[in-house]
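Subject: Structure handover

Hello,

Here is the structure, with its sequence. My notes on what was found in it follow below.

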Amino acid sequence: SKAKLFDEKMDVKTSFKDVAGLEGAKEEVQEIVDFLKNPEKYTSLGGKIPKGALLVGPPGTGKTLLARAVAGEAKVPFFSLSGSDFVEMFVGVGASRVRDLFKQAKEKSPSIIFIDEIDAIGRARGKSNFSGSNDERENTLNQLLTEMDGFGTNTNVIVVAATNRADVLDKALMRAGRFDRQIYVDLPDVRERKEIFEVHLRPLKKDDSLDTDFLAKQTPGFSGADIANVCNEAALIAARKEKKHVGKQDFLDAVDRIVGGLEKKNKIIT
Ligand code: ATP
């Protein structure tokens with residue numbers, strides 16, 4: 001069976017309301033929404049619409065979520081793929097896959113292409129730590145650069161890429177007319193964690209005693225993904241106890257469980 005090259009979502013339901021915190025990043029990507037919705041407004045004075053933006057930040061901070069929200073807000077199709085899939089699944093055909101992807105996105109323009117883990121293909125050339133697949137990766141990267149350079153001024157496809165390793169990226173990616181905008185997506189502070197809890201508590205049957213200020217204070221260092229995980233875990237813990245509502249203790253147990261998991265993960269790394 002043929003591995004799927006990319007996901008194509010025509011009707012994205014995610015909006016900025018689903019993205020808690022990240023005020024600065026949301027403000028910056030709002031500009032991309034405007035470019036996609038009203039390109040003529042921006043090109044009327046001779047300016048060129050940017051082709052790419054790079055979202056930079058730790059894992060689980062909402063980069064993918066934010067990119068989807070841009071597509072949802074602009075009401076444009078969302079084409080997405082992961083850089084690591086290219087290295088692991090599409091050996092020998094990376095460049096032609098990139099060509100197909102851009103062809104599709106141009107046919108459906110205005111549209112967004114989202115490339116998660118771009119560092120897997122965009123690592124500085126000649127500095128790869130994989131020995132065998134180096135030429136392959138470089139061909140894929142070169143094709144990506146060629147496609148971006150080849151966009152006409154009226155193509156109206158914007159490429160959003162995400163990485164947690166901007167430092168290893170090939171500088172050619174950041175050149176003017178490519179990913180020349182970098183947007184930082186950081187771990188949430190206590191106020192932002194409270195907002196993220198509010199988003200992920202929405203679908204739960206919870207008891208009235210739940211205090212999001214308290215939960216935010218109990219979770220320093222947690223990413224948005226960790227918090228989503230806590231909320232889900234708490235609901236499962238409460239259900240296992242045959243409870244009718246998710247309560248404070250279920251959250252504390254869930255936090256303990258996630259902290260345990262994070263500690264294990266860190267131990268493996270070091
Ligand atoms: P990675 O670098 O691991 O790909 P990412 O930065 O792309 O991570 P997402 O995949 O967007 O992170 O986040 C995973 C999930 O965590 C989201 O689907 C969402 O449920 C939750 N989440 C993360 N950040 C936020 C946020 N700011 N607001 C609400 N939910 C969030």
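**Ligand site**

A polar side-chain atom of Asp116 lies 3.3 Å from an oxygen atom of the ligand, a polar contact being a pair of N or O atoms within 3.5 Å (within protein, one must be able to donate a hydrogen and the other to accept it, and residues adjacent in sequence count only if both atoms are side-chain atoms). The protein covers 77% of the 630 Å² of accessible area that the ligand has on its own; accessible areas come from the Shrake-Rupley method with a 1.4 Å probe, and for residues only the protein chains shown count as cover.

This is a predicted model, in which local features need pLDDT of at least 70 and side-chain atom pairs count only at pLDDT 80 or more, while totals for chains, interfaces and linings use all residues. Residues are numbered from 1 along each chain as its sequence is written, and side-chain values use heavy atoms, with hydrogens and water left out.

A polar side-chain atom of Lys63 is 2.9 Å from a ligand oxygen atom, and for Leu65 a backbone N or O atom is 2.9 Å from one.

Five of the five residues of strand S3 (residues 78-82) are buried, where buried means under 20% relative accessible area, exposed over 50%, and partly exposed in between (1.4 Å probe, protein chains only). Phe78, Ser80 and Ser82 point one way from S3, and Phe79 and Leu81 the other way. In a regular strand the side chains alternate between the two faces of the sheet.

S3 runs antiparallel to strand S1 (residues 7-9), with three bridges between them; strands pair if DSSP finds at least two bridges between them. In that pairing Lys9 stands opposite Phe78. S3 and strand S4 (residues 111-116) run parallel and are joined by five bridges. The bridge partner of Ser82 in S4 is Asp116, the residue whose side chain contacts the ligand.

Glu117 is in the loop between S4 and helix H6 (119-122). Its C-alpha atom is 5.8 Å from that of Ser82, 35 residues apart along the chain. Glu117 counts as partly exposed, at 37% relative accessibility.

**Backbone points to check**

The peptide bond from Ser109 to Pro110 is cis, with omega near 0°. Pro110 is in the loop between helix H5 (94-107) and S4.

Leu22 has a positive phi, near 50°, in a residue other than glycine. Leu22 is in the loop between S1 and helix H1 (23-37) and is buried, with a relative accessible area of 11%. Glu242, also not glycine, has phi near 60°; Glu242 is exposed, at 66% relative accessibility.

Regards

Definitions and conventions:
Helix = DSSP H or I, 4+ residues; strand = E, 2+ residues; numbered from the N terminus.
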